[in-house]
Amino acid sequence: MPISVTTMKTWRSRASAIAVEACALLVLIGCVAAVRSPQAQSEPAPARAEPARAAAPAPLAAVAPTISTAQDAAAAGMVEIRSRVPDIDLEIRYAGDDNFVGRPVAGYLGAGCYLHKTVAEALARVERELRAQGLRLRIYDCYRPVRAVRDFVAWAADPDDQKTKPRYYPGLDKSRLLGDYISPTSGHSRGATLDLTLLERRGEGYAPLDMGTGFDFFDELAHTDSPRASLAQRGHRERLRAAMQREGFENYPLEWWHYTFKPEPTPGVAFDFPVK
């Protein structure tokens, strides 16, 4: 029997409804299965993307000290050490030829020792204490003009000038002096650093104690605690260090002779007036 148009429309409508209901049922079953699935319960949800982190800032470059316009020691707040200890032993090496450069250094017009007032007074106390023990200080360098430091750097950069190598850096290539030993800036230029050694009473005078090396000897043996130094030499270095530390001076470990008063009076300021 032929099917009427009306009947065909009715069947199509019912088929569409059944299909919709079937799809809905399948979705529901899938959702329930996902919730009940051990795998779905154990696996964490995908991690949310982390926002990009800013790169860590690069370390700040070392800041060069401000160079004072002071034209002399008084303007810089410094005094000559002989104003506190008139007969102190001075052997200012950079004012003459007896140094690792082999000539007078720029900025040294004389053999003076300038230090900030508080530093000079602390050093005078060290000297008084040592004299009671039959010892004295010999000073090789105090305040050092900025122009002298630049002279050192220029000398170190000249590979042709090797005349002082046998005495001052026999075990090092000259190019290695820049850095640990010769720096573009120096604490000496701030007026709170000095180089010195101990003298011991012998008869009517005084003579240097054996420290294991001479002043400005660029070698591991000159490190204050070098195991290559003899027991007696280490004892002399320690005696100097202990006396200086009691008055606020701190040793530079690579040079037994090098001390800086702490806290420094002008830590961010260097000076360039000449030594006279």
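## G235 and helix α7

G235 lies in helix α7, which covers residues 231–245. In this predicted model, G235 is partly exposed, because its relative accessible area is 35%. D225 sits 10 residues away from G235 along the chain, and the two C-alpha atoms are separated by 9.9 Å.

## Confidence in the model

The mean pLDDT of the chain is 84. Of its residues, 77% reach 70 or more. Residues 1–62 stand apart from this picture: pLDDT stays under 50 over that stretch. The model has five contacts for residues 1–62 beyond four places in sequence. Where pLDDT is low, predicted coordinates should not be read in detail.

## The largest pocket

The largest pocket holds about 460 Å³ of space. Its lining counts 29 residues, and the closest to the pocket centre are S186, H188, Y252, E255 and H258. By class, the lining has 10 nonpolar, 10 polar and nine charged residues.

Which elements each supply at least two residues of the lining? They are α5 (146–156), β6 (193–202), β8 (249–252) and β9 (255–261). β9 gives the most, with four residues. The sections below take these elements in turn.

## β8 and β9

β8 and β9 run antiparallel and are joined by four bridges. A hairpin of two residues links the strands.

β8 has a covered face, made by F249 and N251. The uncovered face of β8 carries E250 and Y252.

## β6 and its partners

Is β6 largely enclosed or open? Seven of the 10 residues of β6 are buried, so the strand is largely enclosed by the rest of the structure. β6 pairs with strand β5 (residues 135–141), with strand β7 (residues 205–208) and with β9.

The pairing of β5 with β6 is antiparallel and has six bridges. There, R138 has T197 of β6 as its bridge partner. Three bridges join β6 to β9, again in the antiparallel sense. D195 stands opposite H258 in β9.

β6 and β7 pair in the antiparallel sense over four bridges. Two of the facing pairs can be named. L199 stands opposite P208 in β7, and E200 stands opposite A207 in β7. Two residues lie between the strands in the hairpin of β6 and β7. In that hairpin, G203 takes a positive phi near 65°.

## Helix α5 and D151

α5 supplies at least two residues of the lining of the largest pocket. The buried residues of this helix are V146, A148, V149, D151, F152, W155 and A156. What covers the buried residues of α5 includes β1 (66–67) and β10 (269–270).

D151 is a charged residue in this buried set. Why does D151 count as buried? Its relative accessible area is 14%, and the cut-off for a buried residue is under 20%. Which residues are in contact with D151, leaving aside its neighbours within four places in sequence? They are R103, V105 and A106.

Most residues other than glycine have a negative phi, and most peptide bonds are trans.

D216 is found in the loop between β7 and α7. This residue counts as buried because its relative accessible area is 5%.

P263 has its place in the loop between β9 and β10. β9 is the strand that gives the most to the lining of the largest pocket, and β10 is part of what covers the buried residues of α5.

Terms used:
Residues are numbered from 1 along each chain as its sequence is written. This is a predicted model: local features need pLDDT of at least 70, side-chain atom pairs count only at pLDDT 80 or more; totals for chains, interfaces and linings use all residues. Side-chain values use heavy atoms; hydrogens and water are left out. pLDDT is the predictor's confidence in each residue, from 0 to 100. Contact means heavy atoms within 4.5 Å. On a 1 Å grid over the protein atoms alone, a cavity is a set of points where a 1.4 Å probe fits but cannot get out, and a pocket is an open set with protein on both sides within 12 Å along at least five of seven lines; lining residues have an atom within 4 Å of a point. Grid points are joined across faces, edges and corners, and a volume is the space filled by probe spheres set on the points. Buried means under 20% relative accessible area, exposed over 50%, partly exposed in between (1.4 Å probe, protein chains only). Two strands pair if DSSP finds at least two bridges between them.
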